[in-house]
Amino acid sequence: MRADLDIIQNWIAPSSRVLDLACGDGSLLAHLRQHKGVSGYGLEIDPDKVRACVARGVCVLEHNLDKGLGHFRDNSFDFVIMTQALQTMHRPDKVLEEMLRVGRQCIITFPNFGHWRNRMHLISKGRMPVSKFLPYEWYDTPNIHFCTFRDFEQLCHERQIQICERTVVDSEHRDTWAMRYFPNLLGEIAIYRVTR
């Protein structure tokens, strides 16, 4: 399991109902089901990843998240999770609102585009950064809404969304004291737990 998913699983209470958005191959849900007794669903748009979920025994629906979560009732889940996908949504603000409608708490992770390496790359080369963590050219990237820790926290403030926990890690998913003090500059990955 990816290291960021290991951090997230520590925030999930046993026997919770979980909805995992853009769930990929279903590894997080499979782990949570096995180790924490959770129940729930994954939503995924990629048919190959849907098949991988089914092979793991994960309940999954093929779904485009930009179309909303209208087929789920309010507060249907204890946790709604979206890892490394918020920045790929056409309207991340609307997706976040829908997550908070169907879930009591939400866990969101995204890359911090304000990280110092990205800033230096733009300053020194005048081009969009390409790295191991962001391995796409500007023209083929799935990332359409670049944001920073400050951007996300401003959105939460404007929408009266409460931030319960925030973890700041680097590309190896390590947490240091410096990243906690200067998250927007030094953190590469944001991991938030939010609620209404």
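Which strands does H6 lie across, and at what angle does H6 run to S7? Select H6 (149-158) and you'll find that H6 lies across strand S5 (103-111), S6 and strand S7 (189-195), running at about 10 degrees to S7. Helices (H or I, at least four residues) and strands (E, at least two) are DSSP runs, numbered from the N terminus. Angles run from 0 to 180 degrees between N-to-C directions, and the axes are lines fitted to C-alpha atoms, for helices over the stretch in contact.

Some ground rules before moving on. This is a predicted model, where local features need pLDDT of at least 70 and side-chain atom pairs count only at pLDDT 80 or more, while totals for chains, interfaces and linings use all residues. Residues are numbered from 1 along each chain as its sequence is written, and side-chain values use heavy atoms, with hydrogens and water left out.

**Stop 1**

Contact here means heavy atoms within 4.5 Å.

Step just past H6 to Gln-160, where phi is positive, about 55 degrees, although Gln-160 is not a glycine. Gln-160 sits in the loop between H6 and strand S6 (162-169) and is exposed, with a relative accessible area of 68%.

**Stop 2: the sheet**

Select the strands next. They form an open sheet of 7 strands in the order S3-S2-S1-S4-S5-S7-S6, with mixed pairing; two strands pair if DSSP finds at least two bridges between them. S3 and S6 stand at the edges with a single partner strand each, so one side of each has no neighbour in the sheet. From one strand to the next, the twist averages 15 degrees.

Zoom in on S1 and strand S2 (residues 39-44): they run parallel, joined by 5 bridges. Arg-17 stands opposite Ser-39 in S2. Helix H3 (residues 47-56) lies across S2 and S3, at about 165 degrees to S3.

**Stop 3: two serines**

Go to Ser-76, in the loop between strand S3 (60-62) and strand S4 (77-83). Ser-76 is buried, at 17% relative accessible area. Leaving aside neighbours within four places in sequence, Ser-76 is in contact with Arg-17 and Val-102.

Then try Ser-15, between helix H1 (3-9) and strand S1 (17-21). Ser-15 is exposed, at 58%, and has a positive phi near 65 degrees without being a glycine.

**Stop 4: the cysteines**

How many disulfides does the structure hold? The count is 0 (a disulfide is a pair of cysteine sulfur atoms within 2.5 Å). For Cys-53, the nearest cysteine sulfur is that of Cys-23, 3.6 Å away. Cys-53 is buried, at 0% relative accessibility. Finish at Cys-59, which is partly exposed at 46%; its sulfur is 10 Å from the closest cysteine sulfur, in Cys-53, too far for a bond.

Technical notes:
Buried < 20%, exposed > 50% of the residue type's maximum accessible area, 1.4 Å probe, protein only.
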